[in-house]
Amino acid sequence: MAAYGRPTLRDLFDESPTPHIAHPPRSHHRDFYIATDGSFRPHSGGPVNGDRTPTESGGLGVVIETLDGERVVRLSVPDSAPDNNVAEYRALHLGLDVLATRAPDDARVGLLIDHDQLAENVNAEALATHGSAYDPPHGVSVPPATGLHWRGIQARINGFDEVRAARISGDRNPAHPLANAPDQYDHVNTEADRCLRTESASSDERVPPPSRADRGEAID
């Protein structure tokens, strides 16, 4: 469970709005929850002249937990996105890709995102996959600079049984510090993976707590 009073991702999800979807999140518990964040900071590489141009620095943060609040993995990796919007899409793409290697296809996934447009796009895409029952689907507007990352996100949304995004504030996003200081949090990338699900998920069953053997060494 969550350590030292840290709220679980499920708690944050239950307290947050889900754009385009009226149902309260707490009535639709997920098997896994993913919090992601991307950061972008212009970093001058020297005078802008014929020889030197500004460079960009930033990072991607990912936190994945089970329904019961057990951590699966944390990631804090440097990244050089062209702007903050693209950084957010890259972070979500990374988080979904990582979970896809650790969860069954029929898993239900809750996303915690502090980028309003991205959260809206995810839920619009999720609703569109259900067909006419949800007509008319909401439109999706994706920044062109995201390249293939949105297509990758779409593939992951369609690959899981259900995906829903909740919109949270940046100061409540546990992935925020991981994205903004990858040089300080790179140690989380070596934490032992925990709570890995290999059996099929069920809409009627909760994620069982991992065995002691599956927990590995506790790292905070």
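**View 1. Crossing of helices α2 and α3.** In this predicted model, helix α2 passes helix α3 in a right-handed crossing. Helix α2 spans residues 84-100 and helix α3 spans residues 116-128. The two helices pack at an angle of about 45 degrees, and their axes lie 10 Å apart. Because of that angle, α2 is oblique to α3.

**View 2. Residues at the contact of α2 with α3.** On the side of α2, the contact is made by Glu 88, Tyr 89 and Leu 92. Helix α3 contributes Leu 118, Asn 121 and Val 122. Classified by residue type, this contact has 4 nonpolar, 1 polar and 1 charged residues.

**View 3. The largest nonpolar core.** This core has 27 residues, of which Ile 64, Leu 111 and Val 122 touch the most other members. Two or more residues each are given by the strands β1 (32-43), β2 (55-66), β3 (71-79), β4 (108-113) and β5 (162-167), and by the helices α2, α3 and α4 (149-159). Helix α2 supplies the largest share of the core, 5 residues.

**View 4. Surroundings of Ile 64.** Leaving out residues up to four places away in sequence, Ile 64 touches Leu 9, Phe 32, Tyr 33, Ile 34, Glu 70, Arg 71, Val 72, Val 73, Gly 95, Val 98 and Leu 99.

Technical notes:
Residues are numbered from 1 along each chain as its sequence is written. This is a predicted model: local features need pLDDT of at least 70, side-chain atom pairs count only at pLDDT 80 or more; totals for chains, interfaces and linings use all residues. Side-chain values use heavy atoms; hydrogens and water are left out. Axes are lines fitted to C-alpha atoms, for helices over the stretch in contact, and angles run from 0 to 180 degrees between N-to-C directions. Helices (H or I, at least four residues) and strands (E, at least two) are DSSP runs, numbered from the N terminus. Angles under 35 degrees count as roughly parallel, over 145 as roughly antiparallel, 65 to 115 as roughly perpendicular and the rest as oblique. A crossing is left-handed if the near helix is turned anticlockwise from the far one by less than a right angle, and right-handed if clockwise. Contact means heavy atoms within 4.5 Å. Ala, Val, Leu, Ile, Met, Phe, Trp, Tyr, Cys and Pro count as nonpolar, Asp, Glu, Lys and Arg as charged, and the others, Gly among them, as polar. A nonpolar core is a set of buried Ala, Val, Leu, Ile, Met, Phe, Trp, Tyr and Cys residues joined through side-chain atoms within 4.5 Å. Buried means under 20% relative accessible area, exposed over 50%, partly exposed in between (1.4 Å probe, protein chains only).
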